[in-house]
Each structure stands twice: as structure tokens, then as C-alpha cells.
Amino acid sequence: NGRFLYSAFNNFNNNDIIKLLKEEGLEVKEERGNRIFPVTDNARDVLNALLRKMKKLKIEIKLKSKVNKIIVEENRAVGIIYNDKEKLYANKIILATGGKSYPTTGSTGEGYKIAKELGHTINEIKPSLVPLEIYQKNECKAMQGLSLRNIGIKIMDSEKNKLIYEDFGEMLFAHFGVSGPVIISSSAHLVRYKNIDELLKNRKINLSIDLKPALTKEKLDDRILRDFNDLKNKQVKNSLDKLLPQKIIPVVLDRLNIDKNKQVNQITKEERLKIIAILKNFKLEISGFRPIEEAIITAGGISIKEINPKTMESKIVQNLYFAGEIIDVDAYTGGFNLQIAFSTGYT
């Protein structure tokens, strides 16, 4: 829902948050992929800079104050009830309770209930930027902890033979399946894909990993022939170390149905081509997403049709505003979701 954010980004953009942090004494640095971090590498310093700003503005913070309800009179938000009985009146109220991911930070999805009670539509809540579960659990378990760098991935709808997402970078195997930057980015596309739940259930969503994206099949064949030539008297299980990380070799050999103890000089051309095929297309079937508690962000939320994009005010209840992840807007990893929060909050 990027278009909804035009006004908010116009009001307060990435340079504005950098300026605000600098005014509060926090310098930033730019790292790979234009990502901005505090020079101290400590997230708490960002929090402290914002707290200093709040102190200057004499903003009171009430802790241990669970909000139960927003008080509405004649279609206007006029206050809140908190801790079951206490009332606090205000001329404007901003509901900014975050999504449902990372519940340990306090975003437990309470805000959706409050907004729904006031007549707002909540679009389906789903995990986004989240690791993926795989049907081949035993293989993933065998490779648990293995990090692959400079690999290519493709996520395919095998029913329609359609490419959903492709990327290049780093990924990681876990006991449940796969994680790491390229996988987490891919989940943002998968979560929105039509009939995704049904396709996952029917094993129609494949993850294809190109373990050697820099080499064509021909060049990879040359490389394997060279390695095999140097190690011709070794067993095949000890001959792939130069090409592959140790943890993945048994899995690859199991898939190839080649005797691990076979000598390299006995490997046929057909078997060699099978090795190449698997290295260029190591296929796994995606079974689902990890729970929302493990997601970086929440997809879904309060419908943007019911919010004025110029002010973030509710179109249903006057003097009620929304900001951040509670709204049905989300983006890739890389600071974009934080910027959405800053820009809608400022607006």
C-alpha cells in the first residue's frame, strides 16, 4: 500500500529522522545497501535520543497502564479507559500499538481489537519478513546452522510454472527450514501471493537454490572435472569439499543416490551431470511460514480506506489517529518499516 504513504513521506522523510537524531546528539553512519545505523551500533541510543526529545517537550509517559477502551462521544474520540477503571480525557488520541510480531516488546495485537470495536476493518493479520518452514525437515535438520553466501534463490509456483520471487545473497538452514536475508525478503512476496495457503498445503510452492550462481553448467562441469582429476583415487564423499560446505555434501549425495564410498574415477558422466543439476537447482518444498511471533513485521492491519492519508485521522471516528504497523502497510527489511512508523507518527 505504498501510495497511501506519499503524504506521510512528504511530511517527514529519511533525512528528517537523521536530522532529528543528530539534534539529539546521535550521529549516524551509512552501511551496505544504504542502510543507516547509529555510529555506536547500539539501538538503545536511538531510543534514548527519542526519549530526550520527549523530555524537552514535557511529554508524560504512563507505564503499567493497560488501555482497555477508547471513549467515544457523538462520534468523537474524547478519552481512554485504562487499568479497567481509570479515565483520561484528551482532545486527540493516536493509536500506535504496533503489529502482532515481537510480542515481548508489547505489541500483542491489542490495538486491532480496540480499533475493531470502534467500527474499523482489520485486514487479515499475517507474518511477513519471516523464516519459512520446509517439508524436507530431516534434510534441513542435517544442515542446521549452515549459512550459504552468494547463492541464488527462486521461489516458484509449480502449478502455474510461475516465478514468484528471485534473489541473490545469503541464507541459513534451521531445524524447521530456512531463514536468512534472501528468505526473509521472499516471505513478503509469498504472504501476498494468491491462494498461498492452499498452494502450500498441496506442496506447489518450491524453493530452488542455485549453489553456484557465478558458474554456468559448462563451467561448473569443467570445475568438477578438475577437482575429480586431482582427487581421482579418493571416495566421492571426500571429493566435494572444495566445491561445497561439509554439512551439505551428505544431503547432496543422498539425493543423487550415489554410493558415498565410490571412487571418484568411477563416477560416470551421467552421475556428474546429475551433480551439476542438483548444484544449480537444489529444490525444497515450502510448507508454510514460521509463527507471527518470529516475524520481523506484521502484514495486514487497519484498512487504509478508513484512514485519511494526509492526516492519519480515522474516517470513522473523529479525533482518532493511527500510526505505524497497526495500519495495513508494510515493506521490505532495510529500515523501510521503521521509516513508515516515523513518517506516519510525525504526520
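A residue counts as buried when its relative accessible area is under 20%, as exposed when that area is over 50%, and as partly exposed in between (1.4 Å probe, protein chains only). Keep that in mind as we go through this predicted model, where local features need pLDDT of at least 70, side-chain atom pairs count only at pLDDT 80 or more, and totals for chains, interfaces and linings use all residues. Residues are numbered from 1 along each chain as its sequence is written, and side-chain values use heavy atoms, with hydrogens and water left out.

Let's start on the outside. Lys 64 has a relative accessible area of 82%, so it is exposed. You'll find Lys 64 in the loop between α3 (43-56) and β3 (67-73); helices (H or I, at least four residues) and strands (E, at least two) are DSSP runs, numbered from the N terminus. Lys 64 isn't a glycine, yet its phi is positive, about 50°.

Asn 257 is another non-glycine with a positive phi, about 65°. Asn 257 sits in the loop between α9 and α10 (269-280), and its relative accessibility is 72%, so it counts as exposed.

Now for the inside. A nonpolar core is a set of buried Ala, Val, Leu, Ile, Met, Phe, Trp, Tyr and Cys residues joined through side-chain atoms within 4.5 Å. The largest one here has 53 residues, and Met 171, Phe 173, Leu 207 and Ile 209 touch the most other members. Helix α9 (residues 249-256) gives the most to this core, 5 residues. Apart from it lies another core of 23 residues, including Leu 118 and Phe 322.
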